Amino acid sequence: MTEAVEFDVVVLGAGPTGENVADRLRAAGLSTAVVESELVGGECSYWACMPSKALLRPVLAQADARRLPGLSRSAEGPLDAGAVLARRDSFASHWKDDGQVSWLDSTGARLYRGRGRLDGPRRVVVDGPEGEHQVLTARHAVAVCTGSRAVLPDLPGIRGAKAWTSREATSAHAVPGRLAIVGGGVVGVEMATAWQALGSRVTLLVRGDGLLPRMEPFVGEHIAAALTEAGAQVRTGVSVASVERPDASGPVTLVLDGGERIEADEVLFATGRAPRTDDLGLDTVGLAPGSWLTVDDSCRVEGSTWLYGVGDVNHRALLTHQGKYQARIAAAAIAARAQKVPLLETDRWGAHAATADLAAVPQVVFTDPEAASVGLSLTEAESAGHRVRAVDHDLAAVAGASLYGDDYKGRARMIVDLDREILLGVTFVGPGVGELLHSATIAVVGEIPIERLWHAVPAYPTISEVWLRLLEAYRQG
């Protein structure tokens with residue numbers, strides 16, 4: 001083992017979160033080492049956000065074209081699956097990270113390839129790809145940005161079943177004839193949308209009574225209806241008891257709790273994630289291996305003065321944009337503490353508090369129709385003790401939506417805090433609504449009073465005119 005190399009900060013993980021932590025720390029003048037065991041760019045770049053949205057974009061474009069006379073006939077044919085998959089490969093950089101490494105190098109951070117693990121306070125051991133070992137020490141902080149991984153449920157037969165997780169679903173190079181998907185969350189519904197359109201016969205199996213249970217109930221209802229209309233089979237209230245695949249190259253059979261058997265060519269389990277902290281040396285600093293890291297609003301691990309958990313590992317909001325947001329907050333806090341600058345700890349929306357993780361998380365689900373939400377749902381707001389009112393509007397009744405496409409279906413909801421007359425949450429479902437979300441996010445984060453929103457005039461005829469209709473409905477009581 002070579003002599004230890006000292007940096008101001010050591011970052012474990014070079015996904016979007018770790019990259020942004022390193023970039024902000026270098027901009028603040030702190031020397032920074034970044035340790036990565038896989039590809040620089042992380043899950044988002046190669047197995048999640050980028051490849052999944054590359055798969056979905058042609059699907060949504062075709063769906064939009066089919067809603068328009070003059071285009072509908074030319075859009076009736078099947079998608080060119082080969083071309084879609086090839087474009088997906090390009091967005092995943094063909095699973096090579098040269099471009100990301102070049103960018104990281106440009107920040108001045110130093111990259112160490114290999115598996116990094118804690119070895120006591122402010123000390124990291126890196127096991128390199130050629131068997132070499134390197135010790136890194138941190139003057140100020142170690143930031144754990146190792147993300148999360150998909151978890152397969154503990155079912156009889158699943159180990160030999162070659163089941164897909166989100167990684168295989170976004171990187172597969174052939175369209176399965178029959179695809180069973182277990183789970184009705186974001187990964188489940190997006191991959192059902194993509195692979196159904198690419199030619200698979202999709203069966204979506206959901207334990208609960210609806211899709212996307214963390215959003216308003218009407219969102220899942222719209223998406224389930226659209227998937228069914230597209231040809232997918234959506235089944236709720238069912239559980240998988242076991243999996244059978246006697247021949248690794250043959251079909252897979254799912255046995256449901258009641259004994260029913262469903263055969264498919266591939267099966268995707270989209271049923272949960274776990275933190276990548278099981279082989280991280282957490283035990284050397286008094287933490288449980290494999291655990292989520294509990295952090296304060298600056299992303300510093302509770303009980304520590306030097307250890308930070310940023311992104312998925314802290315389980316606050318498992319989204320790439322939230323990880324990058326936390327990276328900005330954590331890096332600012334690390335730099336302030338290193339430079340002995342007082343933190344803005346009393347400012348709820350200040351530079352050192354990841355308040356949006358709790359009050360204003362935005363998310364878009366790229367299904368057809370799209371779903372978009374920010375802040376609290378009605379149930380969440382009521383459970384938190386707020387006195388609220390939900391205001392709904394049919395998106396199809398907005399002129400911009402009718403122009404967007406024939407037979408447009410959608411819905412909008414805003415959650416109003418009746419005591420403060422500000423918005424606590426907004427939800428949209430309908431074609432193209434993802435681009436409405438940032439206006440809602442600004443309204444929620446800015447805590448803009450309803451009376452001021454009345455003066456934010458939406459352009460006519462756009463779908464964003466739904467804001468006017470929501471405000472009118474609120475005024476009418």
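The following legends describe close-up views of a predicted model. Local features are given where pLDDT is at least 70 and side-chain atom pairs where pLDDT is 80 or more, while totals for chains, interfaces and linings use all residues. Numbering starts from 1 along each chain as its sequence is written, and side-chain values use heavy atoms, with hydrogens and water left out.

View 1. A nonpolar core is a set of buried Ala, Val, Leu, Ile, Met, Phe, Trp, Tyr and Cys residues joined through side-chain atoms within 4.5 Å, where buried means under 20% relative accessible area, exposed over 50% and partly exposed in between, with a 1.4 Å probe and protein chains only. The largest such core has 35 residues, of which Ile181, Trp195, Leu211, Val219, Ile223 and Leu268 touch the most other members. Helix 7 gives the largest share, 6 residues. A second, separate core of 32 residues includes Leu423, Val426, Ala440 and Ala443.

**View 2. Surroundings of Leu268.** With residues up to four places away in sequence not counted, Leu268 touches Trp164, Thr165, Ser166, Ala169, Leu179, Ala180, Ile181, Val182 and Met191, a contact being heavy atoms within 4.5 Å.

**View 3. The second largest pocket and its lining.** On a 1 Å grid over the protein atoms alone, a pocket is an open set of points where a 1.4 Å probe fits, with protein on both sides within 12 Å along at least five of seven lines, and its lining residues have an atom within 4 Å of a point. The second largest pocket has a volume of about 720 Å³, the volume being the space filled by probe spheres set on the points, which are joined across faces, edges and corners. Its lining comprises 23 residues, of which Arg67, Ala226, Glu229, Ala230 and Asp368 lie nearest the centre. Helix 3, helix 7 and helix 8 are the elements that give two or more residues to this lining, and the largest share, 6 residues, comes from helix 8. By class, the lining divides into 12 nonpolar, 4 polar and 7 charged residues, with Ala, Val, Leu, Ile, Met, Phe, Trp, Tyr, Cys and Pro counted as nonpolar, Asp, Glu, Lys and Arg as charged, and the others, Gly among them, as polar.

**View 4. Ser200 in the loop between helix 7 and strand 9.** Ser200 is buried, with a relative accessible area of 2%, and its side chain reaches the backbone oxygen of Pro176 at 2.5 Å. Leaving aside neighbours within four places in sequence, Ser200 is in contact with Val175, Pro176, Gly177, Leu179 and Trp195.

**View 5. Two cis peptide bonds, from Asp368 to Pro369 and from Tyr460 to Pro461.** Omega is about 5° for the bond that joins Asp368 and Pro369, and Pro369 is found in the loop between strand 17 (362–365) and strand 18 (370–375). For the bond from Tyr460 to Pro461, omega is near -5°, and Pro461 lies in the loop between helix 14 (450–453) and helix 15 (466–475).

**View 6. Glu421 in the loop between strand 20 (411–417) and strand 21 (422–430).** Phi of Glu421 is near 55°, a positive value in a residue other than glycine, and at 37% relative accessibility this residue counts as partly exposed.

Methods:
Helices (H or I, at least four residues) and strands (E, at least two) are DSSP runs, numbered from the N terminus. A polar contact is a pair of N or O atoms within 3.5 Å; within protein, one must be able to donate a hydrogen and the other to accept it, and residues adjacent in sequence count only if both atoms are side-chain atoms.
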